[in-house]
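The sequence and the structure come first, and the description follows.

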Amino acid sequence: MKDILELVKLEGNHKQWLYTCENGLEFECFVRRVQHSGHLCGYVTLTTDNDFFGKEYDDIPVNCHGGLTYTSNQGPNWVIGFDCAHFDDLQPFYTNQDIYGDKRVYRDMEFVTEECESICEQISEKSKSLKRSKKLSELI
């Protein structure tokens with residue numbers, strides 16, 4: 001457990017980046033740590049030209065760790081996200097984790113980053129309006 005707490009300290013509590021998908025579409029992503037438990041949550045920002053803008057997480061067809069668990073307005077954008085606080089996830093700041101045995105896994109910053117980028121790739125392939133917009137900008 002001490003090793004995980006050291007990793008948490010090294011990772012920090014926040015990460016933000018712009019991800020460019022294989023097809024050239026860009027998404028703003030960010031990761032935040034929940035302060036009381038220490039687990040990470042990953043988020044992808046959708047702009048108004050995205051087909052999934054304003055949709056609830058159950059209506060967005062992406063696969064990610066534990067499924068999408070979050071949608072909300074953030075300024076003019078729509079943010080979707082997932083968390084790493086599921087039954088098999090280790091939450092670093094909870095001390096009573098031994099009762100579950102050693103089967104829980106800490107989902108680190110690298111894991112959450114990769115999941116966010118996977119969501120971006122899936123959304124970029126499924127959002128017709130984004131693909132149309134990209135093609136138009138390439139023509140102009």
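Rings of Phe, Tyr and Trp (its six-membered ring) count as a pair if their centres lie within 6.5 Å. Planes under 30 degrees apart make a pair stacked, planes over 60 degrees apart make it edge-to-face, and the rest are tilted. By this rule, Phe30, Tyr43 and Tyr70 form one aromatic cluster. The model is predicted.

**Overall layout**

Three helices and five strands make up the secondary structure of the chain. Along the sequence they follow the pattern α-β-β-β-β-β-α-α. The chain has 140 residues, and buried residues make up 42% of them. Of the contacts with a separation of 6 or more, 57% are between residues 24 or more positions apart.

Strands of a sheet pair through backbone hydrogen bonds, and the pairing is either parallel or antiparallel. In this model, five strands form an open sheet with antiparallel pairing, in the order β1-β2-β3-β5-β4. At the edges are β1 (14-20) and β4 (70-74), each of which pairs on one side only. From one strand to the next, the twist averages 25°.

Strand β2 covers residues 26-33 and strand β3 covers residues 40-46. The two run antiparallel and are joined by five bridges. Within this pairing, Cys29 stands opposite Val44 in β3.

**The aromatic cluster**

The structure holds three aromatic pairs. Two of them are listed here.

| Pair | Centre to centre | Angle between planes | Type |
|---|---|---|---|
| Phe30 and Tyr43 | 4.8 Å | 20° | stacked |
| Tyr43 and Tyr70 | 5.2 Å | 80° | edge-to-face |

Why is the pair of Phe30 and Tyr43 stacked? The planes of the two rings are at 20°, and a pair counts as stacked if its planes are under 30 degrees apart. Phe30 lies in strand β2 and Tyr43 in strand β3, so this pair ties together parts that are 13 residues apart in sequence.

For Tyr43 the relative accessible area is 13%, and buried means under 20%. Tyr70 has a relative accessible area of 29%, so this residue is partly exposed.

**Arginines over rings**

Two arginines lie over aromatic faces. Arg104 lies over the face of Phe87, at 4.9 Å from the ring centre. Arg107 lies over the face of Phe111, at 5.5 Å from the ring centre.

**The loop between β2 and β3**

His36 is found in the loop between β2 and β3. Is His36 buried or exposed? Its relative accessibility is 56%, so His36 counts as exposed. Apart from neighbours within four places in sequence, His36 is in contact with Phe93 and Tyr94. Gln91 is 55 residues from His36 along the chain, and the C-alpha atoms of the two are separated by 9.4 Å.

Technical notes: Residues are numbered from 1 along each chain as its sequence is written. This is a predicted model: local features need pLDDT of at least 70, side-chain atom pairs count only at pLDDT 80 or more; totals for chains, interfaces and linings use all residues. Side-chain values use heavy atoms; hydrogens and water are left out. Helices (H or I, at least four residues) and strands (E, at least two) are DSSP runs, numbered from the N terminus. Buried means under 20% relative accessible area, exposed over 50%, partly exposed in between (1.4 Å probe, protein chains only). Contact means heavy atoms within 4.5 Å. Two strands pair if DSSP finds at least two bridges between them. Axes are lines fitted to C-alpha atoms, for helices over the stretch in contact, and angles run from 0 to 180 degrees between N-to-C directions. A charge sits over a ring if NZ of Lys or CZ of Arg is within 6 Å of the ring centre and within 35 degrees of the ring normal.
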